[in-house]
Amino acid sequence: MGAPSREDEEAKKMEAGGDTVGQKLDAGALFVLQSKGSWLHCGYHLTTSIVAPPLLSLPFAFASLGWAAGLICLVIGAAVTFYSYNLISLVLEHHAQQGRRQLRFRDMATDILGPGWGRFYIGPIQFLVCFGAVVACTLLAGQSMKAIYLIANPGGTIKLYVFVAIFGVFMMILAQMPSFHSLRHVNLISLVLCLAYSFCAVAACIYLGSSKGAPEKDYSIAGANTRDRVFGVFNAIAVIATTYGNGIIPEIQATVAAPVTGKMFKGLCLCYAVVVTTFFSVAISGYWAFGNQSQGTLLSNFMVGGRAVIPEWLLLIIELFTLLQLSAVAVVYLQPTNEVLEGLLSDPKAGQYAARNVAPRVLSRTAAVALGTTIAAMVPFFGDMNALIGAFGFLPLDFAVPAVFYNVTFKPSKKGAVFWLNTTIAVVFSALAVVASVAAVRQIILDANSYKLFANV
């Protein structure tokens, strides 16, 4: 047998709680980000974090872009995010081979750009994006539960916040799963569910779009005037960016057992096979069926005046599969919060299941879910806020920052195509993040008059 590689040595160090980025692993990294998974598990985690119910908003984005621009943006989003996520993976692999395996986004920023970037920029933005995703999933789940209730009981009077609270209680139980790796089977089921509700949504669009009572198809750009249409374009870009968004690539790669080389790329290939299959089919069929009347989510187009316009059994299946996957998506995006709480409250010297660590874990995770559930119930117009979080968070984290990390780490020649491609991506998407944030703030201001705490929407 040959001498062990540096990655194998690093794996042994991590199992023993050894050094990674110049310091001993804290409880968050040691317990939540356990490195035991395969590339298949990595693919399941990636698919759950990207292919989620927000993809049902893609026809709405097309309404502000039209056929040509919509398809171009969808293709560019897929190409740039696959490229960017692979860049992050290559940087992580490089540091692992150097004996400094990084487990968190903020670890990368600290090691590559300096401690200020990890502590005051990457860390807070990632936390905001991920916890915002938890709130959004809780709200969407409540809306799905209410839709199922109204299908079974038309004219029912139970308020939205009741369903949000019910889902929150379920999430408090699911949130106790101890580590990211322990979600691998949940995320395999999630992968199957996203394919199932996407295909059902496509079938519903084809059924409705080709029926005698099909809605009138108008593919002109939505917006009353030029200014509205321009802001609509940037809002649509933010929607697409949020749909492709991830924000937890390093944490997902941290779940992979060493040696890590090549495993993330295989996981990305699995994930993007599902991405292309679902995103393009839902976007094209939804926009074809509803044109510029596409609502914020396709599910809203399937119910008009509180009544289903597609077969009720089909709508029930779509809502149920969406609801089930939302629980998996929410618990995945809760992992960075869990990791921070575990690092603050748990003792890495005690066992993961020691009473000293179990009690604060249960209480802190329950409190985090309770906070997210309360926000979702109080602010059911969270979609507007989430667009801002997507523009301010997902665009820089998933599009611009990976290119910067790669250029700083590998220092490609300024005469080469890679350097200028990465620089162009970083500059263009940073500018888009600023403009899309402005558009999202504008939309919040316009909708402010309709905001009402605990509204029943």
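Throughout, "buried" means under 20% relative accessible area, "exposed" means over 50%, and "partly exposed" is what lies in between (1.4 Å probe, protein chains only). You're looking at a predicted model, so local features need pLDDT of at least 70 and side-chain atom pairs count only at pLDDT 80 or more, while totals for chains, interfaces and linings use all residues. Residues are numbered from 1 along each chain as its sequence is written, and side-chain values use heavy atoms, with hydrogens and water left out.

**Exercise 1. Get the overall picture.**
Task: work out whether the radius of gyration agrees with that of a compact globule.

Solution. Start with the parts: there are 17 helices and 2 strands, where helices (H or I, at least four residues) and strands (E, at least two) are DSSP runs numbered from the N terminus. Next, the box: the C-alpha atoms fill roughly 70 × 60 × 45 Å along the principal axes. Now the rule, which is 2.2 Å times the number of residues to the power 0.38, with the radius taken over C-alpha atoms. Finally, 54% of the 457 residues are buried.

**Exercise 2. Check the cysteines.**
Task: find how many disulfides the structure holds, then look at Cys-130 and Cys-200.

Solution. A disulfide is a pair of cysteine sulfur atoms within 2.5 Å. By that test the structure holds 0 disulfides. For Cys-130, the nearest cysteine sulfur belongs to Cys-137 and is 11 Å away. Cys-200 has its closest cysteine sulfur in Cys-205, at 11 Å, so that pair is too far apart for a bond. As for accessibility, Cys-130 is buried at 1%, and Cys-200 is buried at 16%.

**Exercise 3. Describe a helix pair.**
Task: describe how H8 and H13 cross, and say which kinds of residue make the contact.

Solution. Two packed helices are described by the angle between their axes and the distance between the axes. Here, axes are lines fitted to C-alpha atoms, for helices over the stretch in contact, and angles run from 0 to 180 degrees between N-to-C directions. The axes of H8 (residues 184-209) and H13 (residues 312-333) come within 9 Å and cross at roughly 145°. Contact means heavy atoms within 4.5 Å. H8 contributes residues including Ser-190, Leu-193, Tyr-197 and Cys-200, while those from H13 include Ile-317, Phe-321, Gln-325 and Ala-328. Sort the contact residues and you get 15 nonpolar, 4 polar and no charged; Ala, Val, Leu, Ile, Met, Phe, Trp, Tyr, Cys and Pro count as nonpolar, Asp, Glu, Lys and Arg as charged, and the others, Gly among them, as polar.

Zoom in on Ser-190, which sits in H8. Ser-190 is buried, at 1%. Leaving aside residues up to four places away in sequence, Ser-190 touches Thr-48, Gln-325 and Ala-328.

**Exercise 4. Inspect two loops.**

Solution. First, Pro-259 lies in the loop between H10 (249-254) and H11 (263-290). The peptide bond from Ala-258 to Pro-259 is cis, with omega near 0°. Then go to Lys-411, in the loop between H16 (382-410) and H17 (417-447). Lys-411 isn't a glycine, yet has a positive phi of about 45°. Lys-411 is also exposed, with a relative accessible area of 63%.
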